Amino acid sequence: MPASEFGQLQRRLGAGKVLLRPSECSSYRYDAIQFGVRPLAVVLPETVEDVVQAVRAAQAAGVPVVGRGAASGLSGGAAPAQPGLVVSFTRMTALRILPQQREAVAQAGVVTLAVSEAARLHGLTYPPDPASLRTSTIGGNLGENAGGPLCFKYGVTGDYVRALQVVDADGEIHHLTRDAYDLAGLMIGSEGTLGLITEATLRLVPPARHTLTLQASFGSLEACAAAVSTAISAGTVPAKLEFMDAACIGAVEDYLHLGLPRHAAALLLVDSDGDDPAQVEAELKVVEEAFRAAGGEVRRARDAQEAAALWQARRSVSPALGRIRPARMNEDIAVPRSRLPQVVAEIQALAEPYGFPLVQFGHIGDGNLHPNILFDPRRDDPEQVHELAHRIAQVALRHGGVLSGEHGIGSMKRAFMAEAVDTQTAAAYWAIKDTLDPAGRLNPEKLLPPRGALATGPEVAHAGA
Amino acid sequence: MAHAIDACVHCGFCLPACPTYALLGDEMDSPRGRIVLMKEVLEGELALEDAVPHLDRCLGCQGCVTACPSGVPYGELITGFRGWSEPQRQRPLLQKARRTALLRVLPSPQLFYAAATLGQHAKPLSPLMPALLKPALDLLPRRVPRRNRLQPFFPAEGPIRGRVALLAGCAQQTLAPNFNEATIRVLTRNGFEVVVPAGQGCCGAAALHTGERDLALRQVKQNLQAFGGENYTAIISNAAGCGAGLKEYPVVVRGQPEEAQAQALAAQVQDISEFLGGLLDRGELRPTLPASQPLRVAYHDACHLAHAQGIRREPRELLRWIGGIEVLEVPRGDLCCGSAGTYNIEQPELAAQLGQLKAAHILSVQPDLIASGNIGCHTQIASHTRERGSAVRVMHTVEILDLAYRGEL
């Protein structure tokens, strides 16, 4: 019986570490996009041994285990699909910086920003910068293989992993590295469906010495997308290259009052960085010229403070959309850059007949777009929302893109997975899942296309980047 | 409340801004968690008594309001919920008695003075006192200053530039009478007549934020009477919590006959640093003498100034303007010091942990002086820096200005 197993677990670990009351458990059923079902119990482990005990208790009770960081994820990854045990890592926050090795050893609950802050004291930095970096945890970032603006130049979370400590479905502890079979790599982005990441050894790098920031506004989305293509074709690799459309500009302007150009159809934010100031300046010049040629109005940030404010604006886009409609269906498609102008326009046109406010923003530098359908669940038809979301996903696939650039699949995009991967690949996913979690107790109903629902969707074209 | 709850997109951006989440690391003691709990109680899915431990732990600091990109009016939400839920709650008898006593004694300068003087003598006995009284005693200063009744009117020095009314506050009249005296001196020196309207009372914030809506309403109506009837240049508050309270009046009496009157009053209310900062912006503030020696001043953002009223720039600029002052930023300055009205008394453990954390953060920048704009923070910070063996003085921003005007800084 689950209740007695978890009651015992509470007696073993202490009342503070195991939550059983409905009011407590209720708070662990959502992430930043979705509400799942109320867990039967919640464990707040402080050590890897606590995690082992928790996993074994769930095994004995025969119920699922869902890992959870700060639940700031945007795919439903941490929202339980079935009643079970939630393991919340927010109290596993030990962090060591090893400056000689240029490494950080972080427990799963360490807040993303804390890694960079600690590394900075040693003249190092940790580049992955998801918008929620003040809230999100390393464990959650690894589970979803989170990206961020800096990933265009510096790569995503997974690119900084040297080793992982993982607790498997049986409660065994493993130390996985990137050697031989890259089992650490297998865990990255697996959304807790193959094991629970309890600690990560992360690569740190020296930060660039100079950074310049500019903002450019455009009269149309097409002009904006074309400007990006031109700048990148010219050989520039900006540290960040971010895009937001008119609705996003309005929503963050309401929040931060920065004086953003409300009347523009699109806004780009660009960081160029490097150790040589002349080179940084030269790169930004090329970008500037490309943007102007496309009709952009370009303005450089006056100082670091203004640059910081602009980036805060960008990080706030997603939650600030709540000002427009209370709910949203968010997508996280990544398409070849060359297809961007067309993709942005197609999605725009697709949405119009539905009548929902549709906004687009994202890490346009690497073709990672976040089309968001905004709606009011009390007034709007969820079927319509889902249908539009599906068709947007199909646009991405048709242009040779993928469903998730950085948020993960979770439960939000799981329905589209059957179309996104071919039958053989899906079978390989399931073979791995069945090997590592034969009882199917690790975060069920996430990420993997449902068995037997494979490759019934439209033809998937493969376009070159 | 429904619109406020719906506005939350549960993104979690509020988590790092929440003091109790920082201490406890669990979701139900975070703003996002509390919003979900309130929603479930209101929808009948959760029993009120299951949710209240977590809702009671909320300081009402509104750090989450600053952090929220979606504009959720969390302050209104928790206040509304407390007002709705309090009458339905069963509290233990002793707790109930303490609450009633607190909400009766705090707003009355006479009663508070008597209690503080009595408490001062009992202070050495604090370790022997029941847990119910100990936190209150620990916060009292070693010496309660002599009581000083305020005159009803203070004339301006030099040509008259305006006429302001002063909200004298409750506890601070006893604990720190110099706050009002310094405020009056700085205002009159700048050419403002200061009126201390008779019949004014507690602003009502303490009652409102603890869910005692009827008491709060009575207090609000009393002040509408006391401050109404004249158009002042401004109604000045020098306690962040009270100023925020006055500005909240239109929400308290929403839909009642007093609403227009409350709006008129709220429009006149300014914190002393906001008012003086405005004069400074317009180049109308009379110059002070500079500090006699370079001073490192750690400025502490009171939650009800920074988060509730959005006042951050003015006090810092006023301090810098004095000359010879370097304003130091406190690490994690957005986090509440744990004082928060009656929180200190009702949640002594969390309040103490936050006080210790705040003292450590403030002292880490090695200030010569600590400035803040709220009596609650003042008492809390003084008590916890003292506990760490620090002799650094804690002063109200306006006290520092006052000293500078007198050439005594």
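Let's start in chain B, where Phe81(B) has a relative accessibility of 1% and so counts as buried (buried means under 20% relative accessible area, exposed over 50%, partly exposed in between, using a 1.4 Å probe and protein chains only). The model is predicted, so local features need pLDDT of at least 70 and side-chain atom pairs count only at pLDDT 80 or more, while totals for chains, interfaces and linings use all residues. Residues are numbered from 1 along each chain as its sequence is written, chains are lettered from A and ligands numbered from 1 in the order in which they are written, and side-chain values use heavy atoms, without hydrogens or water.

Now for the aromatic rings. Over all chains, the whole structure holds 6 aromatic pairs; rings of Phe, Tyr and Trp (its six-membered ring) pair if their centres lie within 6.5 Å, with planes under 30 degrees apart counted as stacked, over 60 as edge-to-face and the rest as tilted. One of them joins Phe218(A) and Phe291(A), edge-to-face, at 5.8 Å centre to centre with 75° between the planes. Because Phe218(A) belongs to strand β10 (residues 210–218) and Phe291(A) to helix α10 (residues 277–293) of chain A, the pair ties together parts 73 residues apart in sequence. Helices (H or I, at least four residues) and strands (E, at least two) are DSSP runs, numbered from the N terminus. Both Phe218(A) and Phe291(A) are buried.

Back in chain B, Phe81(B) and Trp84(B) form a tilted pair, with ring centres 5.3 Å apart and planes at 50°. Trp84(B) is partly exposed, at 36% relative accessible area.
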